[in-house]
Amino acid sequence: MQIKTRTFWLAAAGCAVVAGCATTQPGPKEMTFFVTSANPGKGGNLGGLAGADAHCAALAKAAGAPDRGWRAYLSTQGSNLTDPNFVNARDRIGTGPWQNAKGEVIARNVEELHSPASNLNKDTALDEKGQRVNNRTDKPIKHDILTGSRPDGTAFPGAQFPNVSAGVQFPDMTCGNWTKEGNDGAAMVGHFDRAGTIAANWAASWNSSHPTLGCSMERIRPTGGDGLFYCFATK
């Protein structure tokens with residue numbers, strides 16, 4: 001009787017240990033960063049920042065992740081050089097730390113994310129389901145990630161100089177602040193796999209490598225993208 005009782009309690013303790021381990025396994029519920037598995041469907045037209053954030057939240061929810069105040073890593077531009085109405089991607093993603101669906105830490109804070117110590121790469125930049133995203137060596141290539149940002153996570157200058165007669169304009173780097181879906185305009189992208197066609201810092205940048213050829217999916221895909229973007233949890 002004593003042997004049976006002892007066996008029962010040992011088995012119960014084992015189950016408790018296993019159950020305890022199961023609750024601490026990484027997965028969508030602990031995820032605070034991911035690459036979108038798909039574009040909303042209109043190329044560079046994400047419905048503005050609000051639409052992009054909603055897409056992040058919808059994908060996270062479908063994957064089983066809780067509401068963590070999901071925000072898309074995207075910048076917007078002002079209407080001209082002196083317009084203060086712009087948004088820096090780095091200012092809208094919270095303070096960190098962030099980890100993927102496998103529990104791998106991407107960065108501990110905003111400064112680390114935008115430094116050489118960032119752990120965002122082809123092995124850690126997973127989608128909301130914990131699956132790898134096609135990198136430069138895969139077909140089709142999907143390593144271009146929409147950001148509209150400079151290397152430090154800040155916005156590009158506005159559309160044009162105040163002196164319009166000079167005829168000098170800054171290029172559109174955000175597909176009209178994420179509202180364009182045609183062949184006009186462009187968006188800055190980064191390479192999540194930190195790889196490019198040449199050995200240059202910009203080619204290996206995760207957030208600021210080169211602009212797209214346009215804002216439609218037909219103009220986004222030729223350079224190696226599928227209209228994907230990064231999502232970060234703010235809480």
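1. Let's start with the open space: the largest pocket has a volume of about 190 Å³. Please keep in mind that this is a predicted model. Its lining residues include Leu113, His114, Ser115 and Pro116, along with Pro151, Arg194 and Trp206. Sorted by class, the lining of the largest pocket comes to six nonpolar residues, five polar and one charged.

2. Besides lining the largest pocket, Trp206 belongs to one aromatic cluster together with Phe33, Tyr73, Trp98, Tyr230 and Phe232.

3. On to the aromatic pairs, of which a search of the whole structure finds eight. Tyrosine 73 and tyrosine 230 form an edge-to-face pair, with 6.2 Å from centre to centre and 80° between the planes. This pair links distant parts of the chain, 157 residues apart: tyrosine 73 sits in the loop between strand E2 (70–72) and strand E3 (98–99), while tyrosine 230 is in strand E8 (residues 225–233). Both tyrosine 73 and tyrosine 230 are buried.

4. Finally, have a look at phenylalanine 156, found in the loop between strand E5 (144–146) and helix H4 (175–178). Its relative accessible area is 15%, so phenylalanine 156 counts as buried, the cut-off being under 20%.

5. What does phenylalanine 156 touch, not counting residues up to four places away in sequence? The contacts are Gln77, Gly148, Ser149, Arg150, Met173, Met188 and Ser208. Phenylalanine 156 and threonine 76 are 80 residues apart in sequence, yet their C-alpha atoms are 7.7 Å apart in space.

Notes. Residues are numbered from 1 along each chain as its sequence is written. This is a predicted model: local features need pLDDT of at least 70, side-chain atom pairs count only at pLDDT 80 or more; totals for chains, interfaces and linings use all residues. Side-chain values use heavy atoms; hydrogens and water are left out. Helices (H or I, at least four residues) and strands (E, at least two) are DSSP runs, numbered from the N terminus. Buried means under 20% relative accessible area, exposed over 50%, partly exposed in between (1.4 Å probe, protein chains only). Contact means heavy atoms within 4.5 Å. Rings of Phe, Tyr and Trp (its six-membered ring) pair if their centres lie within 6.5 Å; planes under 30 degrees apart count as stacked, over 60 as edge-to-face and the rest as tilted. On a 1 Å grid over the protein atoms alone, a cavity is a set of points where a 1.4 Å probe fits but cannot get out, and a pocket is an open set with protein on both sides within 12 Å along at least five of seven lines; lining residues have an atom within 4 Å of a point. Grid points are joined across faces, edges and corners, and a volume is the space filled by probe spheres set on the points. Ala, Val, Leu, Ile, Met, Phe, Trp, Tyr, Cys and Pro count as nonpolar, Asp, Glu, Lys and Arg as charged, and the others, Gly among them, as polar.
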